[in-house]
Amino acid sequence: MTGWNRRGHMADSAAVHPKFLTHDLNPAQREAVETTAGPLCILAGAGTGKTRVISRRVAYAIATGAVHPGHVLVVTFTDKAANEMRERLAALGFPGVQAQTFHAAAFRQLRYFWSRLSDSRLPEVAASKAPLLAPLQRSLPGGYKFTAVKDLADEVEWAKARRLDPSSYQAAAEAMGRTPPIPGDLFAGVFRRYERAKERAGRIDFEDMLVRMLEGFETREDVAEEFRGQYRWFSVDEYQDTNPLQQALLEAWLGERRDLAVVGDEDQTIYTFTGATSEYLTGFSRRFPEARLVRLEDNYRSSPEVLTLANRLLAGTPGRGQAGGKRLVATRPAGPEPAVVAFENAEREVRALVAEVGRLARAGVDLDEVAVLVRTNAQIPPFEEALAAAGIRYQVRGELFFRRTEVLRAIGVLRSRTARAAGGGLVDALEAVWFERFGFRRDEEPDGEEARQRHASLVTLLGIAERLEAPGAPAPGAEGGPEGGEGPGSDAEEAAGAVVGMAMFLEEVGRRAAQEAEGTGGGVNLLTYHRAKGLEFDAVLLPALEEGVLPIRQASTPEEVAEERRLLYVGLTRARVHLWLSWAARRAGPSGREQPRKPSRFLDDLVPPGGSRVRPRAVASGMARVGRASVRADGPLAEQLRAWRRKRAEADGVPAYVVFNDRTLAALSERRPRSRGELLAVEGIGPSKLDRYGDELLALLTPAEDG
């Protein structure tokens, strides 16, 4: 068998014989790899080996002589994915194949063709839009001057991804039902002035790379012909995240050719807020009626138990049904059943999560293989604090909370002031400063993904201030209460409950920021669902699965709720073996006041057909009923619990109430917890009692529930 060497000449390729490239693939993977001519659409579910299929397909096509390696262009979603693809191809014997993102490929082409497209020098690529947008933001009228530059930049990027210019933006945004960060006519003016400022500065932004190259193909036939003569065989990964600008450039690359393979999963479309759409993936066969369609559904990542939940979640998609769409098929051995647990409040949920991490570690799971996924960055600090207090290593993946721009700015304006908290106290002082500088109002959550993240960040900072201001709060960095150990009503406690100065708040934030910075070298992974895309872990913990969090409160349309469902699907399918889901019946809202919460509607879709669709809600109602009912429970299980308590108290030589009081026994009888996490959610059961009595209680409770 012969193939092409890296210089493009035919050479012996025994080391990459085609059979070597397909011998360990399943039938669907083999079909995709051996289809060396397009158009081809590969619908690849999570964990089905799509990266292996893409790299093997490229290598197989080259090894069989179907394509010259110099004619191949593999397009990936991220630079990291491009590097991995090049490494895989090099390991297979083809180090010269081009694998790049849309932006990297377009800029490479722009540099090559620029002398034919313009008489001027190639503009410098702006690393950020912020320097040009900041003066425009400050010139906005009234409260609009508080609009974050990042929101303006995101809207510019969304418009360009949709191939909109300043003159067409407003009408198109209104027709699409788009809600811009500022009124549409005002933003169109900012957009126009931004483009002018960029041109005067002799710069282009990242979207311009694609725009300018697309214009080159559309206006210069010689440029299009030369490019199409070089690149003739295309493969595009993560096709569900393609936006209209990228699609237009791809079509320009292709011309009249049909050698295109696209790979994607419509159920992992989680970037529509940037302008991406899965319509190009789902509509591929309509655009190319002759296209071959291959479905990859054998999952090599997750246990059957994890995949059962993921499949149920997809089947619960409105209009889809149990038989609709794809279904991931397990290939790994059975593992533990995923846990779905509920807690009275967020504090107990955090404690239980830390206890679960400890249990996993004792069971032999490497902390680097444990991940806690959250909807927004602002949810991360409580888990950082709890893990640090428990002496458990952790790392924040992606942007660190205390290094986020809005957090640095919020702290920066406080450091520039010498005033202490006064009048209403520290929290009131912080709110006053941030309202003056940023237009921040705690009770007014803004629209837009990034704006909500920033608002939540400041609310999180206020939560830190509230804990410092609370009576009996320890000094920054202290493990216990106020020094001296005086009892209630002492001068020390009065002092601890007094108004806390700005300096103490800044000291506490500084301590936490340093602690967070240290937690980047390994340990439990803390990250958002979006950051987790493309990653996998032995154990995944998904807290705060509540209405208003996931799905997020602003998800009001069916399309927005569907994207939230896909986020949870991404979260579920990151887990190889262990999966732990939770929600809290009460959690502090933006106002800082604890509010009742409802479990996420998605949890109902995770129970088996014919099962109790309200089990998570039953836990919550049990919480309420125990609070209202008599503290003495009746029934066979309650009698068994009381008998166990008597024996255990006699063995320990303590009164029965020291083991558990009647209220705790009533809660156990009512709720019948089935896991250590659910036990920890019961009032009166802390970590020490969990360790002392947990196994005995579960042995007593589980048969009663299963029977």
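**Briefing: helix packing, a parallel sheet and a buried glutamine**

Helix α18 passes helix α22 in a left-handed crossing. The contact between these two helices is made by Ile411, Leu414 and Arg415 on the α18 side, and by Met502, Phe505, Leu506 and Val509 on the α22 side. The structure is a predicted model, and the mean pLDDT of the protein chain is 83.

**The α18–α22 pair**

- Helix α18 spans residues 405–415 and helix α22 spans residues 502–518.
- The two helices pack at an angle of about 145°, and their axes lie 11 Å apart.
- Sorted by class, the residues in the contact of α18 with α22 comprise six nonpolar residues, one charged residue and no polar residues.

**The six-stranded sheet**

- Six strands form an open sheet with parallel pairing, in the order β13-β18-β17-β14-β16-β15.
- At the edges of this sheet are β13, covering residues 339–343, and β15, covering residues 394–396; each of them pairs on one side only.
- On average, and with direction ignored, neighbouring strands of the sheet are turned by 20° against each other.
- Ala342 stands opposite Trp583, a residue in β18.

**A helix across the sheet**

**Gln554 in its loop**

- Gln554 is located in the loop between β17 and α24, the latter covering residues 558–572.
- Gln554 counts as buried because its relative accessibility is 16%, and the cut-off for buried is under 20%.
- Leaving aside residues up to four places away in sequence, Gln554 touches Glu445, Pro446, Arg452 and Glu560.

**Confidence of the model**

- Of the residues in the protein chain, 85% reach a pLDDT of 70 or more.
- Over residues 1–14, pLDDT stays under 50, and the model has 31 contacts beyond four places in sequence for this stretch.
- Residues 611–631 also have a pLDDT that stays under 50, and for them the model has 39 contacts beyond four places in sequence.

Notes: Residues numbered from 1 in each chain as written. Predicted model: local features only at pLDDT ≥ 70, side-chain atom pairs only at ≥ 80, totals over all residues. Heavy atoms only, no water. Axes fitted to C-alpha atoms, helices over the stretch in contact; angles between N-to-C directions. Helix = DSSP H or I, 4+ residues; strand = E, 2+ residues; numbered from the N terminus. Left-handed = near helix turned anticlockwise from the far one by under 90°. Contact = heavy atoms within 4.5 Å. Nonpolar A, V, L, I, M, F, W, Y, C, P; charged D, E, K, R; others polar. Pairing = 2+ DSSP bridges. Buried < 20%, exposed > 50% of the residue type's maximum accessible area, 1.4 Å probe, protein only. pLDDT = per-residue confidence, 0-100.
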